[in-house]
Amino acid sequence: MTDASPPVDLRTDVPHPARVYDFYLGGKDHFGADRAFGEKILSICPQLRPLALANRRFLARSVGLLARDHGVRQFLDLGTGLPTSPNLHEVAQSVAPESRVVYVDNDPIVLVHARALLTSRPEGSTGYVDSDVSDIDRIIELASRTLDFDRPVAVSALALFHFLPDPVPADLLARLRDRLAPGSFLTISHVLPALREVADAYQGAMGLGTLRDKDEITALFGDFDLLEPGLVDPHLWRPDLSPGEPTPNDAPTGLGACAVARKPRS
C-alpha cells in the first residue's frame, strides 16, 4: 500500500492511455497531447466516447448488484486508471458502508492521483497497491492487508486486458482464480475486433492494443459461471438496474463486451 505520491515525470508531451480515457469520459486530468490523440481516435470511431461512458455505467451497475444482491463486501480493482466519480468504492460503500476496496495499478500517473481513491467511509476501508497486474502473488500479499481472501472477493478488470498481449491475461487470471474463495466474482470488460483501426492507432502511438473476440473473452473467465445476461454490450448488461438512466440513441453495438461471473461454491 502507499500513502505517498513520489515525484514522477508525467510526460505530458505524449498521449497516455489513462489520460486519453479520462478525455473520453469528459474528465479534467489530461493534456494537449492526450486531447489531440483522443480527437484522432474519435474521428476514426465517434462511438468510442459513448462506449467509454457505457463502460463506466456498467461498473456502477455491476458493483451495486454484487454489493446489494450478493452480499459482497470486498472488492479488488485491477488496472484502476485515473479516478473518475463514481469510483468503485463510492458505489460499493453507498450500498454497504463497511465495504473494503483495494485498487491496483503500477502507472505513476495513477499513483499521483491515488489519494482520491483512498477516501473511504469510516465503516469501510480502501487501499492502493502499486504493482503490475500480472504479479498476482504480490497483489494478493499486499491486498491482504485490507481484504480477507478466505472470503469472497469481487475482482474487476475493466477496459484493461485489451492493453495486454497474449498470453498475459489468461495466465494471470488462471493464477488469480485459483487464489479466490468460492463465491467470489470476476468482472471483465473488453473491446472487440470491430475496433481494429482504433487498436492499430494505439499500437502506433503507444505500443498498446490487443483485440480478442467474444469466445476469447469468455475463456478468460475459466470455469466461473456467467451471471445473466452473459457476455454482452456494456449498455445491455442489466439496464434494469438503472431505470432512470436513458439509453443513448448512439449506444455502441458490437464494439465492446462485458460480463460478471461467479466462482462455484462446490
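What pLDDT does the chain average, and what share of the residues score at least 70? The model is predicted. The chain averages a pLDDT of 91, and 93% of the residues score at least 70. Residues 1-5 stand apart from this picture, as pLDDT stays under 50 there. For that stretch the model has 17 contacts beyond four places in sequence.

The overall fold was examined next. Nine helices and seven strands make up the secondary structure of the chain. The C-alpha trace spans about 45 × 45 × 40 Å along its principal axes. A compact globule of 266 residues would have a radius of gyration near 18 Å; the chain has 17 Å, which agrees. Of the 266 residues, 53% count as buried.

Helix H1 covers residues 17-24. Seven of its eight residues are buried, so H1 is largely enclosed by the rest of the structure. The buried set consists of Pro 17, Ala 18, Arg 19, Val 20, Asp 22, Phe 23 and Tyr 24. These residues pack against H2, H3, H8 and helix H5 (108-112). Gly 26 follows H1 and has a positive phi, near 80°.

The loop between H1 and H2 contains His 30. His 30 counts as buried because its relative accessibility is 12%, below the 20% cut-off. Its side chain reaches the backbone oxygen of Gly 27 at 3.5 Å. Leaving aside residues up to four places away in sequence, His 30 touches Arg 19, Asp 22, Phe 23 and Arg 35.

Helix H2 spans residues 32-44. At 1.5 Å a residue, its 13 residues should span 18 Å; the end C-alpha atoms are 19 Å apart, which agrees. Buried positions in H2 are Ala 33, Asp 34, Phe 37, Gly 38, Ile 41 and Leu 42. Seen down the helix axis, these buried residues fall within an arc of 165°, so they line one face of H2. The buried residues of H2 pack against H1, helix H3 (48-69) and helix H8 (196-206). H3 and H8 are also packing partners of the buried residues of H1.

Key
Residues are numbered from 1 along each chain as its sequence is written. Side-chain values use heavy atoms; hydrogens and water are left out. Helices (H or I, at least four residues) and strands (E, at least two) are DSSP runs, numbered from the N terminus. The expected span of a helix is 1.5 Å times one less than its number of residues. Buried means under 20% relative accessible area, exposed over 50%, partly exposed in between (1.4 Å probe, protein chains only). The arc is that of the directions from the helix axis to the C-beta atoms. Contact means heavy atoms within 4.5 Å. pLDDT is the predictor's confidence in each residue, from 0 to 100. A polar contact is a pair of N or O atoms within 3.5 Å; within protein, one must be able to donate a hydrogen and the other to accept it, and residues adjacent in sequence count only if both atoms are side-chain atoms. The radius of gyration is taken over C-alpha atoms; the globule rule is 2.2 Å times the number of residues to the power 0.38.
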